[in-house]
Amino acid sequence: MYFDAASTAPLHPVARQALTAALDEGWADPARLYRSGRQARMLLDAARETVAAVLGTRADEIAFTASGTQAVQLGLLGALTGNRRRGGHFAHSAVEHSSVLHVAERHLAGGGEVSVAPVDRGGRADPAAFGALLRPDTALAALQSANHEVGTVQPVGEVAELCAEAGVPLLVDAAQSAGRMDVPAGWSLLTASAHKWGGPPGVGVLAVRKGVRYSSPLPADEREGGRVPGYVNVPAIVAAAASLRAVRAEAERENSRLHALVERIRTRVPQLVPEVEVVGDPVRRLPHIVTFSCLYVDGEVLLTELDRAGFAVSSGSSCTSSTLTPSHVLAAMGVLTEGNVRVSLPYGTAEADVERFLAVLPDLVAGVRAPLGLDLPAPGPAPEPAARESLLVIDALGKRCPLPVIELAKRIGEVPRGGTVAVLADDEAARLDIPAWCGMRGQEYAGEAPAAEYGGDRGSAYLVLRRS
């Protein structure tokens, strides 16, 4: 069962049909005046009109790119360049796609300034906090329509009003919501990605409103309004437009059905699997994404076991990425970054598929946890021994998360209530996961100190006060 539509959706049947037809009819260069070129141009123009109608913009404001990432990066760099006389300040939320973060890094390296708006534990940016970042020299702001890892829908309309009052253009990354939901109002630049809605890969959308200052960061090219250089893939663009129109026509019915299936997962997983936290806003969310974190579980191992059972899902856990760095989204939310599972349902997902997932998940998680020797669910409080040390030092140096958290969970009972556990760790993920564990288990996180103060030769000591 393919449950990773947030990464890329299966090719929609309409996209397949349109692509096949356009390969025969629209293969020529649309910039040429001979018959086959004019025919390709007619198909390209019709596709642009279709995309514009669905996204609520003008056709001449639409440019096609090679990917959603390219659309975001060209949009950001072009707007920052176009507004450089206003200033060099850029504001974005803490949970934007990595394409935004990479542009922010480049902007900083070039002498610009960047401000980051925090999010709550549900992953939602606060409009007032975002608006407080806007300054007279703010050249651009960026806020995604909905988060790609946890599905939280962002308050784009409210932020857009604040940006308009401040005279700041707003780029909205609509990659996860385009095709499923109405595009929020008030944007200055909009980006989307066809393979997220069931179109072919290799087609992104960059929309720039008339009147928005934009200067291409790349050398001049006559194609796509001068914003995107290079030859356009007409057949793929035609298929992308056809599938976008098709999924929008299906969205109301499918969104309601998928929303119910996701709600079932959100409700049932914590009932079936002990020590699980469902993350993301429970109400203001996309209809097809649900994310949960399992304590004491290596995300890579769990995803592998799910794959063996026939389920393709993804994760924001650091142990599933090539960089071994925790998800910046989960870190910004302050939730557990290990044992994280994202389920994103494609159109047409059957109820029986979800029920089978819920049936196999508990045993798979229990199997991954079994070698750890943890007694789950946790037993009630035991009588306190008459005398116990009030400080316990756990040496987890050299161990990757979730092992430091697992050692903490197994041994915190060795100190009395009010006692302190110092976990020595040199894995960066421990800085995020130990406080998140405390929040889930009713313990108090007391901060961080040099490991040397507790006998360690490197890393940090993460201090936990036992409260329950």
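Buried means under 20% relative accessible area, exposed means over 50%, and partly exposed lies in between (1.4 Å probe, protein chains only). The model is predicted: local features need pLDDT of at least 70, side-chain atom pairs count only at pLDDT 80 or more, and totals for chains, interfaces and linings use all residues. Residues are numbered from 1 along each chain as its sequence is written, and side-chain values use heavy atoms, with hydrogens and water left out.

**Exercise 1. Classify histidine 97 as buried, partly exposed or exposed, and list its contacts.**

Step 1. Locate the residue. Histidine 97 lies in the loop between strand 2 (89-93) and helix 4 (98-109). Helices (H or I, at least four residues) and strands (E, at least two) are DSSP runs, numbered from the N terminus.

Step 2. Apply the cut-offs. The relative accessible area of histidine 97 is 26%, so this residue is partly exposed.

Step 3. List the contacts (heavy atoms within 4.5 Å). Not counting residues up to four places away in sequence, histidine 97 touches Thr69, Gln144, His148 and Asp173.

**Exercise 2. Describe the aromatic pairs that involve phenylalanine 357.**

Step 1. Recall the rule. Rings of Phe, Tyr and Trp (its six-membered ring) pair if their centres lie within 6.5 Å; planes under 30 degrees apart count as stacked, over 60 as edge-to-face and the rest as tilted.

Step 2. Search the whole structure. Three aromatic pairs turn up. One of them joins phenylalanine 3 and phenylalanine 357, with 5.9 Å centre to centre and 65 degrees between the planes: edge-to-face. This pair links distant parts of the chain, 354 residues apart: phenylalanine 3 is in the segment before helix 1 (13-25), and phenylalanine 357 is in helix 10 (residues 351-369).

Step 3. Check burial. Phenylalanine 3 has a relative accessible area of 1%, so it is buried. Phenylalanine 357 has 0%, so it is buried.

Step 4. Take the next pair. The ring centres of phenylalanine 311 and phenylalanine 357 are 5.4 Å apart and the planes stand at 70 degrees, so this pair is edge-to-face. Phenylalanine 311 lies in the loop between helix 8 (299-308) and helix 9 (328-333), while phenylalanine 357 is in helix 10, so the pair ties together parts that are 46 residues apart in sequence. Phenylalanine 311 is buried, at 1% relative accessible area.

Step 5. Phe3, Phe311 and Phe357 are linked into a cluster by ring pairs.

**Exercise 3. Decide how helix 7 runs relative to helix 10 and to helix 1.**

Step 1. Axes are lines fitted to C-alpha atoms, for helices over the stretch in contact, and angles run from 0 to 180 degrees between N-to-C directions. Angles under 35 degrees count as roughly parallel, over 145 as roughly antiparallel, 65 to 115 as roughly perpendicular and the rest as oblique.

Step 2. Take helix 10. Helix 7 (residues 234-272) packs against helix 10 at about 15 degrees, with the axes 10 Å apart. The two helices are therefore roughly parallel. The contact includes Leu261 and Ile265 of helix 7, and Val354 and Leu358 of helix 10.

Step 3. Take helix 1. The axes of helix 1 and helix 7 come within 8 Å and cross at roughly 150 degrees. So helix 1 is roughly antiparallel to helix 7. Among the contact residues are Ala15 and Ala18 of helix 1, and Ala239 and Ala242 of helix 7.
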